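Subject: Structure handover

Hi,

Here is the structure I promised to pass on to you. Please have a look at it first, and then read on for what I found.

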Amino acid sequence: MADSNHSSHHVTAILVVHDGAMWLPEVVASLASQTRPIDFTLAVDTHSVDTSSKLLRNARVASLTMPRDTGFGAAVSAGLETLPKNSDKTEWIWLIHDDCAPQPSALVALLNAVEDRPQVAIAGPKLRGWYDRSHLLEAGVSIANNGARWTGLEPHEYDQGQHDGIREVLSVSTAGMLIRRDVFEELGGFDPNLTLFRDDVDLGWRAHVAGYSVIAATDAVAFHAEAAASERRKLDVKSGALRRPLILDRRNAAYVLLTNSSWWLLPWLSIQMLFSAMVRAGGYLLAKLPGYASDEVLAVALLLVRPGLILEARKFRKKKRMISARVVSRFIPPRWSQLRLGLLRASESIRQTLLPARPEFVGILNAPSEDEDLLAPSPSNYWRSAFRRPGVLGVVALVAITSLWSAHRYGSLVGGALPGSPIGASDLWSRYGESWHQVGMGSSTATPTWILIIAILSTLFFGKAFALLAFLFWIAPLLFMWSMYSLLRKLSRNAWLIMGASFSYAISPVAIAAINSGRLGTIAALIIGPRIAFFLTRMRKVEEIHWRAIFGFSLLLGALTAFSFQAFMGIALIYILGLALDVRDFRKGSNRSLLLRRLSKRATLIVTPFALCLPWSFEALVHPSRLLIEPGLLIPGGGPNLAFLANPGGPGSMPWWILSPVAFVLIISALSSGMARKYAEIGLTFLLIATLLSVLTISGHSSARSEILWTGTLLAYATIASLCAGVVILHGLRQKLTNVRFHYRHVLAGLAIGTTIFYGFSASIWVITSGAASPVRANHPSVLPPFLAVTPGVKTLVLRNISGSKTDTISFFIARESDAMLADPDVAPADSKDIEVAVREIVDGSGISSSKVLAGYGIKYLFMKKPVDIQLTREVDGLGGFLRTSSTQAGIVWKVAGISDRLVFTDSKGKSVALPTQDVSARVSAPGPGILSLSENYDNSWKVIQNGKQLPRSRNSYGLPQFEVSQAGDFSLIHDGTSRRAWLSLQMIIFLLVLVMTVPSGRRRGEIALEELT
Amino acid sequence: MKFRRALIIAGAVMVALVAGNLLTTKGEPAKFSQSYPAVVCPPTDPNVTSQVSIATKKIPFRIIFGKSTAMLPIGTTRYAITKGAILLDQGATSSLAWQNLSGVWAGSTLCRAPQGDQWFVGGAADVTSRGRLYVVNSGLSDAIVDVAVWTADGPQSGKVLTVRANSSSRVSLDILAAGASRLVIRVTARSGRINSFLVDERAKGLKTLGGDAVNSVDFPRTDFVIAGIPHQVTKGVGGPHVLRLLVPGNVDANIRVDSISKDGVFVPVGFDGRVVPHGQVIDLPLASTIAFSAFSLRIRSDQPLVAGVYSPLRMSDHQDIVWNAMSPLLEPMEMAITGLTPTLVFTGDVVDLIVSTRLTTGKTVTAHIFGNDNVIWKVPDKAQSITISRIKSPVAASGLITSTSGIGAFPLAVGSTLAKAPVPVSDIAVISH
């Protein structure tokens, strides 16, 4: 029969005090108010510098003063030494922190729990927060394999009794720990190497392996401020680096694991701890807490460099161990639990960032009334009212239009400016990382950054790049609408107005042309543009924008720049205008400091997006045509007249007679006053620049053909500005117009609304009829016949007759295994003069030596795509050096005579043999001295290494690389990608730096309000 | 203020639009390269002498035989063909090949650029025939050629020839249509760089009946001239000439033939409104009473047809034959005639043109050819080339060359026309959709 007063037990509370005046009064009061009185209370004060000792004296608590650097364990031991032994009763030590206040029933609950459990040597209460007393802090504690303190609780878990009950745990916190004195002494007390933190886990672990049990008794409740862990007080227990709570905690965690675990687990545990320390350090760096990051790594390193300490501690534990250390494995949390909790914390953090909880303002007058709920009519036709909402209507209408518009785009897309999609994201990753691109005659051009973004997004689409693009082109109008809606929401609260404007944006001429002609750059500009526009409205007073926002915007603009330099230059133009105004302000007021602040932020905004796209952006400066060309194939725009109508023109664009109201709205808004005029001025500037630039013809992206420049991104900006201006004007216009007599404003407003409605209807009808037959289509047949793709790396010269409105032209390109894929046009080199001449002579019938030239460039086949010109096929037949191998529905294939392999060895007698290569690099052998010719464009990174030495490299008669082989033997052909890797590393560092600057700063625990922590 | 703003906006818009439209280009125009394809001169049988007149010694050439494909300067202005046909890269100048079997026959033919389609009106495959068809592949890949044959009985089953790269193929006419005395042959290249040449040589037992190189025409026409038909008057009677016709289409042709000579223009009896059945080779005898050495025929038809005129001629000690082919309209040209002194026959309502003759001495002699209907002009001796220019009205012309072995006729036409080919453009779009 249990004794209700637990008279067979003798309980001595040891209260360890260290500058705890803030909590001490309540703590002392809680001890005094225990329903089962404590038999004796001893306070051990570690030379507090606040009023703690005075408070203890006033409370008449017996106290013992220890030096200030005394650890928790040492303080307890010192206190214990002063206590006489009581052999009649079971003697218990109740350890109390100076920031831990047990409930009055705590002690009795603990004693109840141990009463019928003689094997239990340690028991602990349920710990709840000091300030938020429903916040569950602990109900038993363990340690994860990576050293993390494991409570098994979710962040800020609300205590609803869900963990209640008496259960065995690895350990309990020393705050409120009730421990049998004899066991404590038998175990040797707390480890003196653990002055603070994790001493509880260590003690619990040692109790288990000594054959005892540890329980958490949740009927006992204590409130804990966690002052040391939350950095509310200075640590004086150690000197140097170990005075920092985090480093001490991490170091002690590692110590506990390494001293208590089985021998065979130690290597694996060390690796885990190091790895998780690195990950956590990365996280802290991201949160701009470098001190914590260094603490993480230093803590483990400090311990690993002192193996003697661990060996000694293990020796001591071995003496006390009665059973295997594996007995605690059931308390070590499984990896999936840690993962689940980690994910939960991450998602919670993201949720709070993206969707911060908004305080509910419920006043006295509008307090919720349950009766009121009952009186309100229930919405029986909710679905019908949903369709009366402009948002729902807009989305439904756009989804319906897009579904019909995309009739030919369900599948792997190709056409217009969009080349084919590679099979998987891995192809895009390797294309981005590789130093040598096997396109045409090969190039080392930096892969554009947009490929990296597509690769990342494709990875999220289970590695299917084609699925990503098909989805993107389908959902793009909805993204346009959403993005525009987000912007316009800040300008007007009229839902019908902003939804109408957003819908117009989604089917604007530039949006339709961009989707129909596969312009990824313009699509990106249309999605990101409205976000940028909102930021730009704050640019005049750039000094007031926080650095974090500056970097966040730079990151956004960097993503846009990756797709379109034209878009970046448009924004840069606004920066420059802003800069001019800054200088004007400086001249007026001579505020040098303000000017410098503005300059530094504007410079960051210009330089960062550019730096994020290195090395591609740097190369674009050397080849300025790339600044104006969009990703993908070069196809023409529509010229200045269409551009002025905000229609970029070109294949897939709407006919001119479907007039959009963009230019009209911009012009009438420019004549107005207020914000609308500002938007209109910017929009009109972009519109006129686009009109003028549409005059230019440009060649590039592996096309020697000059085409009219596409100015889609500039027109996207003009469209955004036009819609903003329109919304600002139309917002509240109805009321204004009804208050005045009829005049020209009524006419203009009527015209603007009329043209917008006409445009909306005609554009919608056009996109689902003629517009659906867009150049971008799904499942185009391959240009190259499949048998030409059998051997990897084989080059085929493709000739194709292209019918024009006036004359036919012939185009050519060197294909390798497959049709042009994403990024190929962006990285392919210009063809050499030799090849151009050879092809020209094939076409005009004079190319008697053309086959020899093509063979010299490693071109194995000549493929003439049907429809073919009969006369031209006769010319090819007649020239010699071209052996017709097939004539199919796809076209005619000739094999180029002679050795036309990628790698050819020519001996001193002039005899040539082909050497097999499958990839960029190769490992082959040379039969003797001679010349090794590589049919790739010359590049300084081509190297042939034989016996550890580089062979001399030179150019052959075609300007291609060749190597002098002096002796027989194996050699390696490589393209040295060191510089590419260096550039990518630099890009990654810049990206991480910008990311770190963008994400919200983490707070040191000391900076977090106690109310938030506990 | 607002008015000023409106003016600024209107001005900016106008400037942008006007500048845009003034400066705009429709993309880069397509570029073309122009060149004269190299011409091929006919091969010959071992016993036949064949010589080609060349404009200059520097002209590159190669023999269409064997593996060598190097083009070397020819080094002479009169090249004797021995091994096989030759490929001449002579630019705009046409060359003439003169063939003769000493004391038996002679003939002349133009060296021409490769042609996908050639029609030969002439030849026989009966017991008198020793004629042959040469098919030359000047390309460096094997060629496939269709040979179609029409006789008096209609179209015959054709032949498909494979001609190896850089070589010639010789086909006897009696293999093509055994026993047929009237032939029209069409040679079409399926692939390859093909030229065909026809030699019509005839003999009756041991007696030779003469021979000629038959010049080809490119395609059937409805209105054309056969110029420079040699006319030999013996005992007051000329001829007999034979007009050979083939209407290759599916409809019979209604034709009218005008005889054009110094005597004037008239329609021979029975040649106005004459119906020529389609698909059959028809020989129509022409009994001419004209007194002059050459005349021409103008044929008009409601259906496209091909035609040639056969003329047996009596030489001093033997017989010879001449085949006159359809003459295209004369265009400015230069022709190398080194070693030859042809008589040129110009036919047209009004003949008004300039012929400049460059002599081997380096001098140039210019003649203004002027007249009506039929004008005959003989090239001066020691001529190296002639240049015809300033042709003021439509004229057809041909040349006649007389030697002791026989007479040869050739249409005055360019051997190689300026070929215009688009300059190919490098564009990766060709390997995308």
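A definition to begin with: two strands count as paired if DSSP finds at least two bridges between them. By that rule, strand 26 of chain B and strand 27 (residues 319-325) of chain B pair in the antiparallel sense, over seven bridges. Please keep in mind throughout that this is a predicted model.

Strand 26 and strand 27 of chain B make a hairpin, with four residues between them. One place to look is R314(B), which stands opposite Q319(B) in strand 27 of chain B.

Strand 21 (residues 241-246) of chain B pairs with strand 26 in the antiparallel sense over five bridges, and V242(B) stands opposite Y310(B). As you browse these strands, remember that side chains in a regular strand alternate between the two faces of the sheet.

Now to the place where the chains meet. On chain A, 65 residues are in contact with 46 residues of chain B. Strand 18 (residues 809-816) of chain A supplies the largest share of chain A's side, six residues. By type, the residues on that side are 31 nonpolar, 21 polar and 13 charged. Strand 18 of chain A also runs parallel to strand 35 (residues 425-426) of chain B, and two bridges join them. In that pairing S811(A) stands opposite V425(B).

Helix 33 (residues 833-844) of chain A is worth a visit too. Its twelve residues reach 16 Å from the first C-alpha to the last, close to the 16 Å expected at 1.5 Å a residue. Its buried residues are I835(A), A838(A), V839(A), R840(A), E841(A), I842(A), V843(A) and D844(A). What do the buried residues of helix 33 pack against? Within chain A they pack against strand 18, helix 34 (850-856) and helix 35 (870-879), and in chain B against strand 1 (32-35) and strand 34 (419-422). After helix 33 comes G845(A), with a positive phi near 85 degrees.

On the domain level, chain A is divided into domain 1 (9-347), domain 2 (464-772), domain 3 (781-896) and domain 4 (903-976). The centres of domain 1 and domain 2 of chain A, taken over C-alpha atoms, are separated by 60 Å.

Finally, the cores. The largest nonpolar core has 168 residues, and the members touching the most others are L666(A), A718(A) and A721(A). Helix 29 (residues 712-730) of chain A gives the most to this core, 14 residues. Because domain 2 and domain 3 of chain A both give residues to this core, it lies between them. Beyond its neighbours within four places in sequence, L666(A) is in contact with A680(A), G683(A), L684(A), L687(A), A718(A), A721(A), S722(A) and A725(A). Another core lies apart from it and has 118 residues, among them V48(B), V136(B), A180(B) and V257(B).

Best wishes

Key: Residues are numbered from 1 along each chain as its sequence is written. Chains are lettered from A and ligands numbered from 1 in the order in which they are written. This is a predicted model: local features need pLDDT of at least 70, side-chain atom pairs count only at pLDDT 80 or more; totals for chains, interfaces and linings use all residues. Two residues are in contact if their C-beta atoms, placed from the backbone, lie within 7 Å. Ala, Val, Leu, Ile, Met, Phe, Trp, Tyr, Cys and Pro count as nonpolar, Asp, Glu, Lys and Arg as charged, and the others, Gly among them, as polar. Domain bounds come from an automatic or database domain assignment. The expected span of a helix is 1.5 Å times one less than its number of residues. A residue is buried if 20 or more other C-beta atoms lie within 10 Å of its own, exposed if 12 or fewer, and partly exposed in between; C-beta atoms are placed from the backbone. A nonpolar core is a set of buried Ala, Val, Leu, Ile, Met, Phe, Trp, Tyr and Cys residues joined through C-beta atoms within 7 Å.
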